[in-house]
Amino acid sequence: MRRFLSGRTSKILVFALCLTPLSMLLWRAYNGNLTANPIEYVTRDTGTWTLRFLLLTLAVTPLRRMFKAPELIRFRRMLGLYAFFYGFLHLTTYVWFDKFFDAADIVKDIAKRPFITAGFTGFLLMLPLAVTSTSGWIRRLGGKRWQRLHRLVYFSTLAGVIHYYWLVKSDIRLPVFYGALLALAMLLRLPIWLSRVRSV
Amino acid sequence: MLLAGGLASLIPGRAKAGVKLTGYSKSAFSTSEKQTPYEAVTTYNNFYEFGTNKDEPAVHARDFKTNPWALRIDGEVAKPVTLDLDRILKLAPLEERIYRFRCVEGWSMVVPWIGFPLSAVINLAAPTSKAKFVAFESYFSEKQMPRWRYAGIPLPYVEGLRMDEAANPLAILAVGLYGEVLPNQNGAPVRLIVPWKYGFKSIKSIVRIRFQERMPPTTWNISNPREYGFYSNVNPEVDHPRWSQAKERRLGEFFKRDTLKFNGYGEQVAQLYAGMNLKRDY
């Protein structure tokens with residue numbers, strides 16, 4: 001297992017797995033199977049997967065500790081970049097097929113509609129993380145500063161959860177579920193942080 | 001189709017969707033716009049008692065019993081009455097009304113409903129001078145609607161109209177669509193259609209119509225008064241707090257189209273709201 005996790009095959013496998021949501025979406029599109037409101041479906045689907053990948057990214061650290069599998073760190077960047085990728089598809093769907101690049105209308109939406117403000121904030125917070133995800137940038141920023149910057153992912157995920165919560169009309173089960181996963185991911189970090197504080 | 005329908009009607013309580021309705025006339029109120037395909041009309045539904053996803057009602061309402069049915073009409077009326085399904089269907093000559101249907105969520109359809117003017121009920125019950133509003137109530141059963149607890153809205157679903165709105169010739173009780181009995185997920189066996197208002201006003205599976213003096217509570221208004229008002233007329237000038245109402249996506253169309261005031265029925269209904277501030281009374 002150890003060898004598998006630190007080998008090449010596992011990385012390729014995870015990379016391919018992360019593409020399944022997109023493949024399924026394309027397959028459904030090809031079969032004309034995107035419901036009576038395809039653009040809404042694509043928006044929902046890409047949005048949900050953005051949130052899921054953000055939460056998967058946040059799961060890496062606790063899982064490494066829980067299963068004593070430090071190798072899992074090898075997948076964190078990829079998962080984070082996939083979150084950004086699906087977030088980008090999500091935003092593009094909105095900008096293109098919902099607003100048809102009407103900049104004035106988009107700005108108005110972001111300013112006026114709290115759930116869009118939250119979603120857009122979540123995406124903006126991911127942007128510097130995606131840009132500085134390379135080894136070069138880690139070196140340039142230095143490990144400490146890089147890590148501090150990348151704590152933005154907590155706030156990006158929180159913005160995503162709020163975005164979802166404010167979007168639904170009355171059935172809040174799913175946004176609350178993802179919010180609980182975020183809370184859990186944060187809670188599992190507490191011991192790590194506490195031990196760090198104590199060791200200072 | 002006829003045979004299948006005939007068999008279905010022999011089994012008490014089975015959904016009768018697919019049973020053809022006959023002897024309905026065409027209406028001058030119908031639009032000639034392209035109709036939304038039957039498939040979309042019957043699989044893309046908001047009927048929270050049967051699940052909050054659009055595709056859920058078609059699945060979870062499959063075994064919903066719509067026969068026998070009892071529709072109670074009472075309140076400030078001279079002649080309170082309870083109608084069974086047979087009497088509902090014979091209350092007035094059936095008409096096909098091809099209407100635009102605009103949901104508050106920003107999508108729309110064109111649906112060939114079959115029904116009769118709501119005024120037939122008014123004439124039957126003979127409301128007294130005290131009757132200023134009409135309150136509607138949907139059927140509700142935890143047993144038949146197992147997904148009710150996820151709806152997140154108080155149930156049974158209730159809606160209301162002002163008397164003059166209810167008497168407007170555009171307001172109908174629909175008992176069918178596309179030439180057949182209403183599928184369960186579309187609000188069988190009898191539902192309201194008020195095409196100049198957002199879709200949630202068009203309450204489904206009605207069991208009670210009550211004439212009363214006071215403005216009745218309405219479900220989405222109880223649930224979120226800032227976002228859903230009593231009137232809820234389609235109005236591109238009044239934004240929903242969470243999204244613009246200026247445009248809509250007609251199901252099946254790629255580009256969005258401009259939303260029309262009163263959903264394009266201003267000629268028939270605008271006078272009902274003369275002198276009202278529609279931004280305040282949304």
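Me: Hello! At roughly what angle do the axes of α4(A) and α10(A) cross?

Reply: This is a predicted model, in which local features need pLDDT of at least 70, side-chain atom pairs count only at pLDDT 80 or more, and totals for chains, interfaces and linings use all residues. Residues are numbered from 1 along each chain as its sequence is written, while chains are lettered from A and ligands numbered from 1 in the order in which they are written. Helices (H or I, at least four residues) and strands (E, at least two) are DSSP runs numbered from the N terminus, and axes are lines fitted to C-alpha atoms, for helices over the stretch in contact, with angles from 0 to 180 degrees between N-to-C directions. The axes of α4 (residues 38-66) and α10 (residues 152-167) of chain A come within 10 Å, and they cross at roughly 145°.

Me: How many nonpolar residues are in the contact of α4(A) with α10(A)?

Reply: From α4(A) come T50(A), L51(A), L54(A), L55(A), T57(A) and L58(A), and from α10(A) come V153(A), S156(A), T157(A), G160(A) and Y164(A); contact here is C-beta atoms, placed from the backbone, within 7 Å. Ala, Val, Leu, Ile, Met, Phe, Trp, Tyr, Cys and Pro count as nonpolar, Asp, Glu, Lys and Arg as charged, and the others, Gly among them, as polar. The contact of α4(A) with α10(A) has no charged residues and five polar ones, and the nonpolar residues number six.

Me: Which hand does the crossing of α5(A) and α7(A) have?

Reply: α5 (residues 76-98) and α7 (residues 114-131) of chain A have axes that come within 10 Å and cross at roughly 135°. That angle makes α5(A) oblique to α7(A), since under 35 degrees counts as roughly parallel, over 145 as roughly antiparallel, 65 to 115 as roughly perpendicular and the rest as oblique. A crossing is left-handed if the near helix is turned anticlockwise from the far one by less than a right angle, and right-handed if clockwise. The crossing of α5(A) and α7(A) is left-handed.

Me: Which residues of α7(A) meet α5(A)?

Reply: On the α5(A) side are G80(A), L81(A), A83(A), F84(A), G87(A) and L91(A). Counting both helices, the contact holds eight nonpolar, two polar and no charged residues. The residues of α7(A) are F123(A), M126(A), L129(A) and A130(A).

Me: Is F100(A) buried, exposed or partly exposed?

Reply: F100(A) is in the loop between α5 and α6 (103-112) of chain A, and its phi is near 50°, a positive value in a residue other than glycine. A residue is buried if 20 or more other C-beta atoms, placed from the backbone, lie within 10 Å of its own, exposed if 12 or fewer, and partly exposed in between. With 13 such neighbours, F100(A) is partly exposed.

Me: Now chain B: is F262(B) buried or exposed?

Reply: F262(B) lies in the loop between β13 and α8 (266-269) of chain B. Its phi is near 55°, again positive in a residue other than glycine. Because 21 other C-beta atoms lie within 10 Å, F262(B) is buried.

Me: Which strands stand at the edges of the open sheet in chain B?

Reply: The open sheet has five strands with mixed pairing, in the order β3-β2-β11-β6-β7; strands pair if DSSP finds at least two bridges between them. From one strand to the next, the twist averages 15°. Two strands have a single partner strand each, so one side of each is left without a neighbour in the sheet: β3 (81-83) and β7.

Me: What is the bridge partner of R72(B) in β11(B)?

Reply: β2 (residues 71-75) and β11 (residues 206-212) of chain B pair in the parallel sense over four bridges. In β11(B), the partner of R72(B) is R208(B).

Me: Which residue in the turn between β12(B) and β13(B) has a positive phi?

Reply: Two bridges join these antiparallel strands, and one pairs K247(B) with D258(B). The two strands form a hairpin with six residues between them, and a phi of about 95° belongs to G252(B).

Me: What is the omega of the peptide bond between A188(B) and P189(B)?

Reply: P189(B) is in the loop between β9 (180-181) and β10 (191-193) of chain B. The bond joining A188(B) and P189(B) is cis, with omega about 0°.

Me: What distance separates the C-alpha atoms of R149(B) and E49(B)?

Reply: R149(B) is in the loop between β6 (133-138) and β7 (158-162) of chain B, and it is exposed, with 9 other C-beta atoms within 10 Å. R149(B) and E49(B) are 100 residues apart along the chain, and their C-alpha atoms are separated by 8.0 Å.

Key: Two residues are in contact if their C-beta atoms, placed from the backbone, lie within 7 Å.
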